Amino acid sequence: NTERSLVLVKPDAVRRGLLGEILSRFERKGLVIEALELRTMDAELADRHYAEHVDKAFYPPLKAFMTSGPLAAVVLSGDQVIDVVRAMIGATDGRKAAAGTIRGDLALSNRENLVHASDSPDSAKRELALWFPNL
Ligand code: CMP
């Protein structure tokens, strides 16, 4: 059944010129880009987006990184897109992510890991409302 997921192509990917490569992987998979916007996260949006992480030790540097420059906020749709995209992205730590995944092929960091994607239907609903309230 068709779902939507909120994907962020993070500032490291934009800086490294990997936006096209990453979007291309999603397109070649057959997923549909329903919305796409270059945005720079501000502190308030970071705290809301990462509400479950704000008290963690890794949050201050994560927030600094995520607000450090433009990112691409993307709405993807497709059959089981939430799980499909997470499989395509790979494990959080780019050093451990499987080859063939976006992080496994292109990232070497636990923080600067190129892509964020909703991890469940509930988080997709929450994140889509946060980033694309008019969709
Ligand atoms: P993301 O999928 O956006 O969800 C939370 C983010 O926090 C994660 O990707 C990483 O960018 C970052 N992150 C998660 N765990 C760690 C960690 N142990 N150290 C540094 N950054 C982390």
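What follows is a set of questions and answers on the sheet, the ligand shell and some single residues.

Me: What kind of model is this, and how are residues numbered?
Reply: Numbering starts from 1 along each chain as its sequence is written. This is a predicted model, in which local features need pLDDT of at least 70, side-chain atom pairs count only at pLDDT 80 or more, and totals for chains, interfaces and linings use all residues.

Me: In what order do the 4 strands of the open sheet stand?
Reply: Strands here are DSSP runs of E with at least two residues, helices are runs of H or I with at least four, and both are numbered from the N terminus. Two strands pair if DSSP finds at least two bridges between them. In general, strands of a sheet pair through backbone hydrogen bonds, either parallel or antiparallel. In this open sheet the pairing is antiparallel and the order is β2-β3-β1-β4.

Me: Which strands stand at the edges of the sheet?
Reply: The sheet has the order β2-β3-β1-β4, and its twist averages 20° from one strand to the next. An edge strand has a single partner, so one side of it is left without a neighbour in the sheet. That applies to β2 (32–39) and β4 (115–117).

Me: How many bridges join β1 to β3?
Reply: β1 covers residues 2–9 and β3 covers residues 71–79, and the two run antiparallel. The number of bridges joining β1 to β3 is 8.

Me: Which residue in β3 does Leu38 stand opposite?
Reply: β2 and β3 run antiparallel and are joined by 7 bridges. The residue in β3 opposite Leu38 is Ala72.

Me: What angle does the direction of helix α7 make with that of β1?
Reply: Axes are lines fitted to C-alpha atoms, for helices over the stretch in contact, and angles run from 0 to 180 degrees between N-to-C directions. Two residues are in contact if their C-beta atoms, placed from the backbone, lie within 7 Å. Helix α7 (residues 121–131) packs on the sheet and touches β1 and β3. Its direction makes an angle with that of β1 of about 60°.

Me: Is Lys125 buried, exposed or partly exposed?
Reply: A residue is buried if 20 or more other C-beta atoms lie within 10 Å of its own, exposed if 12 or fewer, and partly exposed in between, with C-beta atoms placed from the backbone. Lys125 is in helix α7. Because Lys125 has 14 other C-beta atoms within 10 Å, it is partly exposed.

Me: Which residues lie around the ligand, and how many of them are nonpolar, polar and charged?
Reply: The residues around the ligand are His53, Phe58, Leu62, Thr92, Asn110, Arg111, Asn113 and His116. Ala, Val, Leu, Ile, Met, Phe, Trp, Tyr, Cys and Pro count as nonpolar, Asp, Glu, Lys and Arg as charged, and the others, Gly among them, as polar. By class, the shell has 2 nonpolar, 5 polar and 1 charged residues.

Me: Which residues does Thr92 touch, leaving out those up to four places away in sequence?
Reply: Thr92 lies in the loop between α5 (81–89) and α6 (102–106). With 14 C-beta neighbours inside 10 Å, Thr92 counts as partly exposed. Beyond four places in sequence, Thr92 touches Asn110 and Asn113.

Me: Which residue does UniProt list for "active site"?
Reply: UniProt positions are given in the numbering used here, with feature names shortened, and annotations may be inferred rather than shown by experiment. The residue in question is found in strand β4. Leaving aside neighbours within four places in sequence, it is in contact with Val7, Leu8 and Lys10. The unreviewed UniProt entry lists, for "active site", His116.

Me: What is the phi of Leu114?
Reply: Most residues other than glycine have a negative phi, and most peptide bonds are trans. Leu114 lies in the loop between α6 and β4 and is buried, with 26 other C-beta atoms within 10 Å. Its phi is positive, near 75°.

Notes. Near = placed C-beta within 6 Å.
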